[in-house]
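Work through the following exercises with the structure open beside you. Each task is followed by a solution that goes step by step.

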Amino acid sequence: MSLAGKVVLLTGASSGIGAATAVFLSKLGAQLSLTGRNVENLKKVCEECEEPSSIFSVPADLTKESDIEKIVKNTIDHYGKIDVLVNNAGIIETGTIENTSLGQYDRLMNTNVRSIYYLTMLAVPHLIKTKGNIVNISSVNGIRSFPGVLAYNVSKAAVDQFTRCVALELAPKGVRVNCINPGVILTELQKRGGMTEEQYAAFLVRTKETHALGRPGQPDEVAATIAFLASDLASNITGVSV
Ligand code: NDP
C-alpha cells in the first residue's frame, strides 16, 4: 500500500486517531496537510512523522468558516492539489433529551457535521481535478443508538448519511467517499467530553461485552483502515461504512 505523491488533508491531527493517522500516512509516503487547534500538539505530531520538515500544518478551529477557508487555501497554495480529504476531527458531549442544552447541541453539530459539510464543499473542486477521495470518521454511534450521548449519536448518523449522499453525487466525477464507524478507540475523546476517570475505567471494562473482539481499538488500527480507503487499493469502494 502506498500513498506516495498523494496530498492528504487531515483534520483533528493534533490528537488520538488523527495523530496516529498522520504518522501512519507519512510512512506510506503521503504529503500531509495537518490541522487541529492545539499548536503544540500539532508540532509534536509533525515531529513523529517521517521527514518532519516536509509536513505542512495549519492551526484552525473548524467551527469558524474563515478557518476552514484558510485550511483549503493554504493547502492549495502549498501543494497545488488535494488528493484525499480525511474528515476526522470531532467531539463528544454527554446528555439526554432532558439535559442536553441547545448550546451543547450546536457545539456538537457545528464541530462534527457543519464543519465537514463546509470543508468538503470547498475541497470538492480540487478532489474532482485529482479524482481523489474522502474518508469521514463517523462512529458506531452513527449506526446504533447508545443512551446518554444523544447529540453525538445524531451527529454521527448525519455523517453516515452525508457520506452515502455525497458518494452518489460524486461517483460520476470519479471521486470516492467512504466512512469509518469505529467502536471505542483508546484516545482522550470521552474524557475530553466530560467522562471522569472512574466512569472511563468502567466504560472500558464494558467493551469486553459490547465489542465482538472483547477490547477497545487502538488509534493505529483506525489509521490503517483510513490508509486503505484513501489508497488506490480501494479504487472500487465508495459510499461504504467500515
Ligand atoms: P481526540 O479528542 O483525541 O481528538 C479529536 C481531534 O479533533 C483533536 O485533534 C481536536 O483538536 C480536533 N478537534 C475537535 N474540535 C475541533 C475544532 N473545533 N476545530 C478543530 N479541530 C477540532 O478524539 P479521537 O481521536 O478519538 O476522535 C477522532 C474522531 O474519531 C472523532 O470524529 C470521533 O468522534 C471519532 N471516534 C472516536 C472514537 C473513540 O472511541 N475514540 C470512536 C468512534 C469514533 P485539538 O486537540 O487541537 O483541539
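**Exercise 1.** Find the bridge partner of leucine 85 in E5, and then describe the pairing of the two strands.

*Solution.* The partner of leucine 85 is isoleucine 134, in a predicted model where local features need pLDDT of at least 70, side-chain atom pairs count only at pLDDT 80 or more, and totals for chains, interfaces and linings use all residues. Residues are numbered from 1 along each chain as its sequence is written. Strand E4 (residues 84–87) and strand E5 (residues 133–137) pair in the parallel sense over four bridges, where strands are DSSP runs of E with at least two residues, helices are runs of H or I with at least four, and both are numbered from the N terminus; two strands pair if DSSP finds at least two bridges between them.

**Exercise 2.** Determine how H3 and H4 are arranged.

*Solution.* Helix H3 (residues 65–79) packs against helix H4 (residues 102–130) at an angle of about 25°, with the axes 10 Å apart; axes are lines fitted to C-alpha atoms, for helices over the stretch in contact (C-beta atoms, placed from the backbone, within 7 Å), and angles run from 0 to 180 degrees between N-to-C directions. H3 and H4 are therefore roughly parallel to each other, a term for angles under 35 degrees.

Methods
Parallel < 35°, antiparallel > 145°, perpendicular 65-115°, else oblique.
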